[in-house]
Amino acid sequence: MQKDLNWQEYVITRLIKFSGYSAVIFVVMIFFFLLKEGLPTLSEVPLGDLFATRWYPIESYYGILPLISGSILVTIGAAIIAVPFGVGVAIYLSEIAPRWVRDMLKPLVELLGGLPSVVLGFLGMLILSPALRVILNLPTGLTALTGALLLGGIAIPTIVSISEDALDAVPKSYRDAALALGATRWQTIWKVTLPAARSGVLTAVMLGVGRSIGETMTVMMVTGNAPILANSLTDLLSPVRTMTATIAAEMGEVANGSTHYHVLFFIGLVLFLISLIVNVTASAVVFRQRKKAERVLS
Amino acid sequence: MKKTLVILLPLFFLVSCSSLGTSAADSQEPQTYIENKGSDTIVNLALAWAEKYQIDNPDISISVTGGGSGTGIAALVNGTVDIANASRQIKQKEIDLANEDGIEPMEHIIAGDAIAVVVNPSNPVNELTLQQISDIYSGVYTNWSEVGGDDRPIVRLSRETNSGTHVYFLETVVRLGDEESETLFSTNTLLLPSSEGIISEVRQNPNAIGYDGLGYVPEDLNIIAIAPEEGDVYVLPSVESVNNGTYAIARDLYMYTNGEPTGEIAIYLEWILSAEAQEIVQELGFVPIN
């Protein structure tokens, strides 16, 4: 019996260990695959041409700057919309709303998160983009802003759900202590509860932003896909082409092993590095702040 | 649930019996195989024809594959296919190569393909020359007033670069058929992934101009009449204007055989030109001949 248990334990321990490592192994394998398919670009396309402003692959113009700027612009736009709104909804649900409102609203918000992005893109194409064109008096409604609004909609459920969990996990004694010291409800939320849940809220924001930078179908349908270099936030009102939409639109027809194929993988590599940088920075910030907090307490 | 099973089971049995019956009958008859390969533009049309023809002639089996016009003609030269599909005419170099191997490519025009240029119904512009369309798409004109319309910005719509229609439009319209030309689409041309995307944007946006295969364009949009040169007659795309060559953005679609076709291949090609087969041409958005 004892031996049997040891054996079972051994297997289970190994299995769990493997699951833990597998996440890392997969990411590393994906990274090496991207390197293998993407790096030949550097020998096939001169760096000056690669970081140029014209993207027209069928005539060998491989400038990826407009694609990078397009992705960044749409993602920043989505974050500006989704972060305040998402965190606001989470604070309302966790701190202010009565129990029954929370129990009704939270599943609804999560349901919104399950909406297929192609459906959202279709709504954007047929309803949001014509409306934006008329309201803002634009040449066309297929703009970065349309994409940012829809991506904000995609990111909000993630942000709400995870930051609400984080706020909920803050011990009740924190709030009681703040209120007992004479803080108003708003002061308690803003100065005590939210900072205490900081790392969870930041994770929520990162996941939400991560979802929007990687989102493909919706942006492909509503941003117009014109490879125009975006310089500032005012370019939100003009069409853009994102990295994800470029890969999705062109990968299907490209000849295996051609320069165009390698450049598309190179774009994938850039996308991978951008999300890596964002994640590492975010966790570094959380880590540093936690250390500072510990120093103050000790 | 159980009830449906009870009903479905005998049905299944019936279906499997009947399919057994036909396959037994099939195996008794000699099969004729026709290999058909080439242009990706034509592949859906060729498949639709093959499916219809095989239903009416169960003893004939037609295999259709794409790969591009060049691939199809190369396969004909190598003698591996019976019919090559091509969206362009065979080049002299390819004919020479074929003759070396004792193969005489013979051309059959099987359908027409026309591209319609469309604008929003509220746009007063009805007529453009090829040069004007080229200048609109390459970014020379940016306002509709420059081509006789309202004072509105021009929003250019195009299919994605991987679409055969995009490449054809680039060569024939933007570059006006000049092979030396390096003119490109303006960078702020919107590249939409589907025909539906172009149609819905043109339908609701008075600034937009777009293009698509004639068969995909609904009647509620304003179709532009096109003149090849300044001073020529402006022509709307239609079955007649495509067939008599007056509409500028149209091309023939071809099938090539080795010499005068014989036997089942000749009968198949004859059927392709029949009214029944040409009806399928229209359904798929191409232009029927005759």
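In this predicted model, the buried residues of α9(B) are covered by several elements of chain B. Among the strands are β1 (32-38), β3 (83-86), β4 (105-119) and β11 (250-258) of chain B. Helices α2 (43-56) and α10 (275-283) of chain B also contribute to the cover. Helix α9 of chain B itself spans residues 263-272. Its buried residues include B:I265, B:Y268 and B:I272. Viewed along the axis of α9(B), the buried residues fall within an arc of 60°, so they line one face of the helix. An α-helix has 3.6 residues a turn, so residues three or four places apart point the same way. The other side of α9(B) carries the exposed residues B:G263, B:A266 and B:E270.

The domain assignment divides chain B into two parts. Domain 1 comprises 33-112 + 252-283, and domain 2 covers 113-250. The C-alpha centres of these two domains of chain B are 30 Å apart. Contact between them involves seven residues of domain 1 of chain B and seven residues of domain 2 of chain B. On the domain 1 side, two of the touching residues are nonpolar, four are polar and one is charged.

The largest nonpolar core holds 120 residues. Those that touch the most other members are A:A148, A:I159, B:A84, B:A114, B:V118 and B:I226. Helix α7 (residues 144-168) of chain A gives the most to this core, namely 14 residues. From chain B, domain 1 (33-112 + 252-283) and domain 2 (113-250) each supply at least three residues to the core. A separate core has twelve residues, including A:M243, A:V263, A:L264 and A:L271. In soluble globular proteins, nonpolar side chains tend to be buried together.

The surroundings of B:A84 can be described in detail. Leaving aside residues up to four places away in sequence, B:A84 touches B:K37, B:G38, B:G72, B:I73, B:A75, B:L76, B:M255 and B:Y256.

Between the chains, 21 residues of chain B are in contact with 24 residues of chain A. On the chain B side, the elements that give two or more residues are β7 (190-192) and α7 (195-204) of chain B. Helix α7(B) gives the most, with four residues. The chain B side consists of nine nonpolar, ten polar and two charged residues. For the complex, the predictor gives an ipTM of 0.81 and a pTM of 0.78.

Chain B contains ten helices and eleven strands. Of its 290 residues, 38% are buried. Among contacts in chain B with a separation of 6 or more, 71% join residues 24 or more positions apart.

The mean pLDDT of chain B is 84, and 90% of its residues reach 70 or more. Helix α5 (residues 130-138) of chain B has the highest confidence, at a mean of 94. Helix α1 (residues 2-28) of chain B has the lowest, at a mean of 44. Over residues 1-28 of chain B, pLDDT stays under 50. For this segment of chain B, the model has one contact beyond four places in sequence.

Notes:
Residues are numbered from 1 along each chain as its sequence is written. Chains are lettered from A and ligands numbered from 1 in the order in which they are written. This is a predicted model: local features need pLDDT of at least 70, side-chain atom pairs count only at pLDDT 80 or more; totals for chains, interfaces and linings use all residues. Two residues are in contact if their C-beta atoms, placed from the backbone, lie within 7 Å. Ala, Val, Leu, Ile, Met, Phe, Trp, Tyr, Cys and Pro count as nonpolar, Asp, Glu, Lys and Arg as charged, and the others, Gly among them, as polar. Domain bounds come from an automatic or database domain assignment. A nonpolar core is a set of buried Ala, Val, Leu, Ile, Met, Phe, Trp, Tyr and Cys residues joined through C-beta atoms within 7 Å. A residue is buried if 20 or more other C-beta atoms lie within 10 Å of its own, exposed if 12 or fewer, and partly exposed in between; C-beta atoms are placed from the backbone. The arc is that of the directions from the helix axis to the C-beta atoms. pLDDT is the predictor's confidence in each residue, from 0 to 100.
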